[in-house]
Amino acid sequence: MKLLVGLIAGILLGAAPVWPAPKSCEQLKSEIDAKMQGHKVVSYSLEIIDKNRYNIMGEEGGKVVAVCEGDKVIVLRKN
């Protein structure tokens, strides 16, 4: 019985998915910036701000394009 339980536990642990480490906000911001430049988008800014601060600020011409590090957002503003 112990052998069966050990075998099942080994199979389940071996089949567990390996999740990649989350990207930092700066890394994600630079990837978004590269995509924007690749699409020849001009006159914009990307800003990393606290999620709660964005909710307080409301819509000020910005759009949330990514959430990072759990409590931060990357906001795209067209100039």
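Student: What covers the buried residues of helix 2?
Tutor: A heads-up: this is a predicted model, where local features need pLDDT of at least 70, side-chain atom pairs count only at pLDDT 80 or more, and totals for chains, interfaces and linings use all residues. Residues are numbered from 1 along each chain as its sequence is written, and side-chain values use heavy atoms, leaving out hydrogens and water. Buried means under 20% relative accessible area, exposed over 50%, and partly exposed in between (1.4 Å probe, protein chains only), while contact means heavy atoms within 4.5 Å. The cover over the buried residues of helix 2 includes strand 1 (44-50), strand 2 and strand 3.

Student: Which residues of helix 2 are buried?
Tutor: Helices (H or I, at least four residues) and strands (E, at least two) are DSSP runs, numbered from the N terminus. Turned away from the buried side of helix 2 is a face with the exposed residues E26 and G38. The buried ones are C25, L28, I32 and M36.

Student: How far apart are the end C-alpha atoms of helix 2?
Tutor: The expected span of a helix is 1.5 Å times one less than its number of residues. For the 14 residues of helix 2 that should give 20 Å. The model agrees, since the end C-alpha atoms are separated by 20 Å.

Student: Which element has the highest mean pLDDT?
Tutor: pLDDT is the predictor's confidence in each residue, from 0 to 100. The chain averages 79, and 65% of the residues score at least 70. Helix 1 has the lowest mean (59), while the highest (93) belongs to helix 2.

Student: Which residues are joined by a disulfide?
Tutor: A disulfide is a pair of cysteine sulfur atoms within 2.5 Å, and the whole structure has one. It links distant parts of the chain, helix 2 (residues 25-38) and strand 2 (residues 62-68), through residues 43 apart. With S to S at 2.0 Å, they are C25 and C68.

Student: Is that disulfide left-handed or right-handed?
Tutor: Look at the torsion about the S-S bond of C25 and C68, which is about 105°. That value makes the disulfide right-handed.

Student: Where does E69 lie?
Tutor: E69 is partly exposed, with a relative accessible area of 43%. Most residues other than glycine have a negative phi, and most peptide bonds are trans. E69 isn't a glycine, yet its phi is positive, about 50°. Its place is the loop between strand 2 and strand 3.

Student: What joins the side chains of R77 and E47?
Tutor: R77 lies in strand 3 (residues 72-78) and is buried, at a relative accessible area of 14%. A polar contact is a pair of N or O atoms within 3.5 Å; within protein, one must be able to donate a hydrogen and the other to accept it, and residues adjacent in sequence count only if both atoms are side-chain atoms. Between R77 and E47 there's a polar contact of 2.5 Å.
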